[in-house]
Amino acid sequence: MLYALGGLVYLGWRLTIFNDASLWVSTLYYLAECLGYLLGLTVILGAWRYQHRTPQSVSHGYDVDVLIPTYKEPLGVIRKTVHAARAIRYPHQTWVLDDAGRLEIEALARELGVHYRARGENWDAKAGNLNFGLRESQAEFVAVFDADHIAQPDALDLLLGLMDDPCVAMVQTPQDFYNTDAFQYLNPRRRDGLWHDQSYFYNLAQPCRDRWNAASCVGTGVLYRRTALNTIGGIPVDTVTEDFHTSLKLHKAGWSTRYLNEPVAFGIAAADLEEYYKTRHRWAHGNLATLKHERILTCEGLNWKQRLSYLSLGLIYLEGWQQLLLFLTPLFALGFGWAAFDISLFNVLVVLAYPVLSYILLQEFGCGFSRFWTNEIFAMARWPVHIAASAALLGKKLRWQSSSKNLQGVVRWSLMLPQLAVLIVSGTALGYGISRLHEDFQVGPLGMALWQWFRTGSLPTDVLHAALPPGYSVELVAIAGFWALFNMARALGFIYKARRNARQSHSSFRFALPLPVSLSSAGAPSELHQTCWIAEDAMTLNMANTNLNKHSRLQLTLHLPSGDLACTARVTHTQSGKVSACFEWASATQHQRLVETLYSIHWQRELQPHHAYFLTPSDVLARLFGVQPMAKPKRAWYGGMLYDDNTPSDGIPVFVRQSMGAALETELVVFTVLMHGQDYRIELPGQTMRTQIKDNLPLCSLPHIGLHGHICHRYRAILTANISGFGVDSSRIRS
């Protein structure tokens with residue numbers, strides 16, 4: 001209410017301070033403020049009331065088919081997806097719908113024992129392919145996973161229970177990704193979680209919209225009821241966002257939907273800027289075209305909450321136009337001396353205070369999933385795409401373009417021309433404005449009042465409403481120059497991020513995991529190390545002392561959740577206590593075992609939480625006044641081997657870190673059941689520790705079983721023996 005009513009009062013007052021000397025510039029800036037106000041309302045609407053759902057047990061057997069639509073994705077990507085879909089534990093049939101008719105995909109389907117279908121033409125893109133698959137399939141329930149989304153084994157178990165209500169047409173889950181070096185991630189390696197530009201949508205907006213029976217489909221990780229799809233004529237083919245369009249038509253037809261805020265599959269995020277633009281343009285254009293096609297303001301079948309929810313998903317694309325207006329306003333002021341409003345000390349204080357207070361409120365509504373600077377960087381990235389997508393409102397059709405799933409990021413400077421233009425033009429305008437002051441240096445009443453306040457400590461009584469004269473002045477250049485510099489900083493931040501992401505991209509995805517590895521050498525016992533990162537074709541080991549040469553061959557034992565895997569690797573690089581090596585697989589079975597471990601994302605989320613949480617303004621105040629404890633840095637996880645001395649056997653892989661609570665407690669992640677009160681020995685690289693299991697800890701993710709078939713467990717343990725270098729005073733352990 002504070003934001004909604006306060007914003008209306010502010011916008012009404014702003015009409016009274018238009019600059020008569022530059023009415024059209026005043027109008028443009030006022031329009032930008034109005035768009036910002038509407039965007040703020042969409043944030044509030046998206047965070048109104050959270051709806052938490054938990055999976056329900058499946059009461060009886062269901063007939064389920066899993067559809068995987070493909071087009072031109074790489075064979076290796078499709079192989080992982082089909083293999084994982086086939087391994088889903090709930091009884092089902094897997095169908096590969098190949099819209100490119102490739103012989104190698106047909107051979108893959110035959111090899112893995114799944115159904116293969118290819119239609120003679122690819123009209124209507126993905127929507128047409130899915131409708132073709134629905135005609136081939138006969139199951140009552142149909143799950144859809146994109147060609148790059150690797151389903152977890154219990155995906156259907158988590159979704160089907162929510163279909164017990166016959167009025168439910170769709171169960172949707174959030175998209176999540178395993179390539180955390182993708183463009184949409186920011187600070188992906190931070191230890192307190194992962195953040196990407198859809199975190200707010202999936203973790204807050206979708207659950208809140210679910211409370212109003214208005215959660216929208218996102219096209220993958222979704223389960224449909226065939227009966228419901230039949231009532232709307234199948235998957236809509238009128239727009240390029242068939243998923244969003246499907247959910248809207250289902251809601252118009254009176255069906256209910258469910259949103260489970262837990263990913264059941266992990267896919268490939270847009271690896272570089274080109275792919276990011278391609279997907280965001282398709283989403284923006286398709287959503288706007290859908291709202292226009294379905295006449296969202298006047299159509300029948302939606303209640304007012306659903307109508308507002310869908311309308312908000314169109315209003316968010318006004319952001320591009322708002323950003324453009326905010327870029328232009330300081331340029332007019334610096335280039336022509338045209339102020340966007342009557343500038344007085346009072347007016348400037350109010351106009352500057354309003355966006356600050358608005359941001360504070362909106363950060364609170366972000367509930368920890370948004371942050372000022374990250375929002376500004378991604379707003380700078382998206383604005384050209386959102387403006388281009390506005391063509392959908394004029395009836396322009398967009399040709400379907402599938403994501404190429406490019407694994408090697410490339411810097412495309414041509415794609416950054418709009419942001420480069422903001423940087424260059426803003427800098428040029430700032431320089432020009434300063435040069436005009438040099439020609440005719442003019443200080444207005446604001447500057448004179450501030451100078452008097454600096455000299456005497458008091459302000460003149462009439463300074464609050466004294467207006468600047470038309471034309472250039474120190475105050476006008478200072479105010480407009482500040483916003484020009486702010487836009488330049490955002491453009492530079494965006495360009496830096498795009499280049500940094502391109503440099504971090506690799507031919508295969510790297511997982512930052514401390515996986516325990518034993519290194520064997522002739523005539524010496526094996527040494528335990530841990531990986532810095534590992535991929536399906538290479539890895540980097542943390543090794544403090546090494547005399548290995550390039551091209552040396554290593555005899556390794558990877559301690560995987562599914563058991564030990566002996567393999568060979570060739571050294572490619574050594575530097576600063578790290579050794580990089582490429583695997584030399586003796587068989588495809590060896591390679592597949594590692595793939596199943598790496599792409600079982602659920603256990604990795606125990607070591608790296610799903611989502612980064614940013615402090616809200618109320619959090620900051622609570623911590624300043626001692627209501628909440630100050631945040632402590634997250635402890636690092638270490639990989640090692642766990643042994644039970646009472647039962648002679650080979651060790652099992654374990655991940656351990658010092659607890660954030662008591663100094664003598666640790667947290668363990670293992671893949672077997674441990675006994676409470678039992679003592680265990682843990683071997684870490686270069687050190688040994690003994691612990692006693694205290695109790696179980698809750699897991700971060702609902703999927704507990706990975707592709708490797710092993711269940712993840714998390715425990716709290718107490719240190720009972722000295723640890724060298726684990727960050728705990730040994731005298732406290734002895735006492």
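This briefing covers the overall build, a set of paired strands, the salt bridges and one surface patch of the structure above. The model is predicted. Its secondary structure amounts to 21 helices and 22 strands. The radius of gyration is 29 Å, close to the 27 Å that the globule rule gives for 735 residues, so the protein is as compact as a globular protein of that length.

**Overall build**
- Along the principal axes, the C-alpha atoms fill a box of roughly 90 × 70 × 50 Å.
- Of the 735 residues, 56% count as buried.
- Among contacts between residues at least 6 apart in sequence, 75% join residues at least 24 apart.
- The accessible surface is about 31700 Å², and 58% of that surface belongs to carbon and sulfur atoms.

- Strand β14 (residues 553-560) runs antiparallel to strand β15 (residues 563-575), with 8 bridges joining them.
- The hairpin from β14 to β15 passes through 2 residues, and Leu556 stands opposite Cys567 in β15.
- β15 also pairs with strand β16 (residues 578-584), in the antiparallel sense and over 7 bridges.
- Ala569 stands opposite Phe583 in β16.
- The hairpin of β15 and β16 has 2 residues between the strands, and Ser576 there takes a positive phi near 50 degrees.
- The side chains of Glu584 and Arg570 form a salt bridge at 3.6 Å, N to O.
- Glu584 lies in β16 and Arg570 in β15, so this pair ties together parts that are 14 residues apart in sequence.
- Glu584 is partly exposed, at 27% relative accessible area, and Arg570 is partly exposed at 25%.

**Other salt bridges**
- The count of salt bridges comes to 29.
- Arg258 forms one with Asp165, the closest N and O atoms being 3.6 Å apart.
- This pair links distant parts of the chain, 93 residues apart: Arg258 is in strand β9 (residues 256-259), and Asp165 is in the loop between α6 (155-160) and β6 (168-172).
- Arg258 is buried, with a relative accessible area of 17%, whereas Asp165 is partly exposed at 32%.
- Glu294 forms a salt bridge with Lys249, with 3.8 Å between the closest N and O atoms.
- Glu294 sits in the loop between α10 (273-293) and α11 (304-315), and Lys249 in helix α9 (residues 242-252), 45 residues apart.
- Glu294 counts as buried at 6% relative accessibility, while Lys249 is partly exposed at 23%.

**Surface patch**
- Tyr613, Leu615, Val620, Leu621, Leu624, Phe625 and Val627 make a nonpolar surface patch of about 760 Å².
- Phe625 lies in the loop between α20 (617-624) and β17 (638-643).
- Phe625 counts as exposed because its relative accessibility is 68%, and the cut-off for exposed is over 50%.

Methods. Residues numbered from 1 in each chain as written. Predicted model: local features only at pLDDT ≥ 70, side-chain atom pairs only at ≥ 80, totals over all residues. Heavy atoms only, no water. Pairing = 2+ DSSP bridges. Helix = DSSP H or I, 4+ residues; strand = E, 2+ residues; numbered from the N terminus. Patch = residues over 30% accessible without salt bridge, like charges linked within 9 Å, V, L, I, M, F, W, Y side chains within 5 Å. Areas by Shrake-Rupley, 256 points an atom, 1.4 Å probe, with all protein chains shown as cover. Salt bridge = Lys/Arg side-chain N within 4 Å of Asp/Glu carboxyl O. Buried < 20%, exposed > 50% of the residue type's maximum accessible area, 1.4 Å probe, protein only. Rg over C-alpha atoms; globule rule 2.2 N^0.38 Å. Contact = heavy atoms within 4.5 Å.
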